[in-house]
Amino acid sequence: MTDVARVAGVNPSSVSRALDRNHPFSRSETADRIRRIAEEVGYSPDPSAASLRRQSTRTIGVVVPRLTDTVLAMLYEEIAKAAHERGLFPLVATTDDDPDAEGEAGRLLLERRVDGLILTTARLDEAGDFIPTLANRGIPYVLALRSDGKASAAVGDDRLGGYLATRHLIDLGHTRIGMVAGPSYVSSTAGRAEGFREALREAGITVDERLVRASGFGIESGEEAGGVLLGMADRPTAVLTVNDNTAIGVMAAAQRLGLRIPQDVSLVGYNDTPIAARLPLPLTSVRMSFREIALGTMTLLDRAAQGAAPQTLTYAPTLIPRASTARLR
């Protein structure tokens, strides 16, 4: 740095500011000249030393249940993009939705001195002690996609999404509607089930709890739950699912049982992942904006680092009708 400063005719502190892309001085013509000289003499800054000076590593930790889930992979990509736009680098760890694994993943990220954490692993059953530990230690963190009802969170309006999907089916004449509802410990699935029940009650339709089946998030869970629903003697004429993967599972169950979609059963997925519109029978789905959620998450993380009170940012979904739903005959 001293060599660069001597050649450029500036102080070493000016070299430091020129090489720090987050410093206003780095956008000046003088900074451009300093960077060219640094490149010519083969100098590059030591990120570890820079982080010690700033008491910041410019990294954030992102904890997700799994990256084999399309929804979580899409959200992580948007978080990474939003982080890079702010000069931050994301480090990701997976937990398989295990509270103990969440604690271990979070501790490993904190050992790498991340500046904050984004968690998509929050649970309503309060299993695990990692999130309370973060709060007690004053470590900046926010929740994404899921909420625990306490910490700052950026989420989709899941109640509205469940309502829109169910209202769509009701408007098509369906009154016997089933739901593959996902796990009960996840706030997003609880919200979608709440919207489902609200739409039915509003239409004067009695909620038949036999038609609401808990499940996981995978295709296999959708096929298992769908098989139960569609195998009933008084089966539903339409099914809402917690995500597009479980909807694909319901499609498999319908085919195995000799039922046609949408002639025999209408079907709605959730999240509108890229595969939904590209299936042989395009899937009606509820679209969420992962970009908005990611940007909201970064905003909340900034506020958390400044000691702001917890708040929730909620983003409205959109129903995308396709060929998997039809009017009841």
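Biologist: Which unit do β1, helix α5 and β2 make?
Modeller: Please keep in mind that this is a predicted model. In it, strand β1, helix α5 (residues 70–85) and strand β2 form a β-α-β unit that is right-handed.

Biologist: How many bridges join β1 to β2?
Modeller: There are six bridges between β1 and β2, the latter covering residues 89–94, and the two strands run parallel. As an example of facing residues, threonine 94 in β2 is opposite valine 64.

Biologist: And which way does β3 run beside β1, parallel or antiparallel?
Modeller: Strand β3 (residues 117–119) runs parallel to β1, and three bridges connect them. Leucine 117 of β3 is the bridge partner of glycine 61.

Biologist: Is β1 itself buried or exposed?
Modeller: Strand β1 spans residues 59–64, and six of its six residues are buried, so the rest of the structure largely encloses this strand. Buried here means a relative accessible area under 20%.

Biologist: Which residues lie on each side of β1?
Modeller: Thr59, Gly61 and Val63 are on one side, while Ile60, Val62 and Val64 are on the other. Both faces are covered, as every one of these residues is buried. In general, side chains in a regular strand alternate between the two faces of the sheet.

Biologist: Let us change topic. Where does threonine 297 lie?
Modeller: Threonine 297 is part of helix α12, which covers residues 290–305.

Biologist: Why does threonine 297 count as buried?
Modeller: Its relative accessibility is 0%, and therefore threonine 297 counts as buried.

Biologist: Which residues does threonine 297 touch?
Modeller: Leaving aside residues up to four places away in sequence, threonine 297 touches Ile118, Val142, Ala144 and Ala154.

Biologist: Now the whole chain, please. How many helices and strands are there?
Modeller: The chain has 12 helices and 12 strands. Its C-alpha atoms fill a box of roughly 85 × 40 × 30 Å along the principal axes.

Biologist: What share of the residues is buried?
Modeller: Of the 329 residues in the chain, 50% are buried. The chain exposes about 15300 Å², and 50% of that area comes from carbon and sulfur atoms.

Biologist: Finally, how many positive and negative charges does the chain have?
Modeller: The chain carries 38 positive and 40 negative charges, and their mean positions are 4 Å apart.

Methods
Residues are numbered from 1 along each chain as its sequence is written. This is a predicted model: local features need pLDDT of at least 70, side-chain atom pairs count only at pLDDT 80 or more; totals for chains, interfaces and linings use all residues. Side-chain values use heavy atoms; hydrogens and water are left out. Buried means under 20% relative accessible area, exposed over 50%, partly exposed in between (1.4 Å probe, protein chains only). Helices (H or I, at least four residues) and strands (E, at least two) are DSSP runs, numbered from the N terminus. Two strands pair if DSSP finds at least two bridges between them. A crossover is right-handed if, with the strands pointing away from the viewer, the path from the first strand over the helix to the second runs clockwise. Accessible areas come from the Shrake-Rupley method with a 1.4 Å probe; for residues, only the protein chains shown count as cover. Lys and Arg count as positive and Asp and Glu as negative; His and the chain ends are not counted. The place of a charge is taken as NZ of Lys, CZ of Arg, CG of Asp or CD of Glu. Contact means heavy atoms within 4.5 Å.
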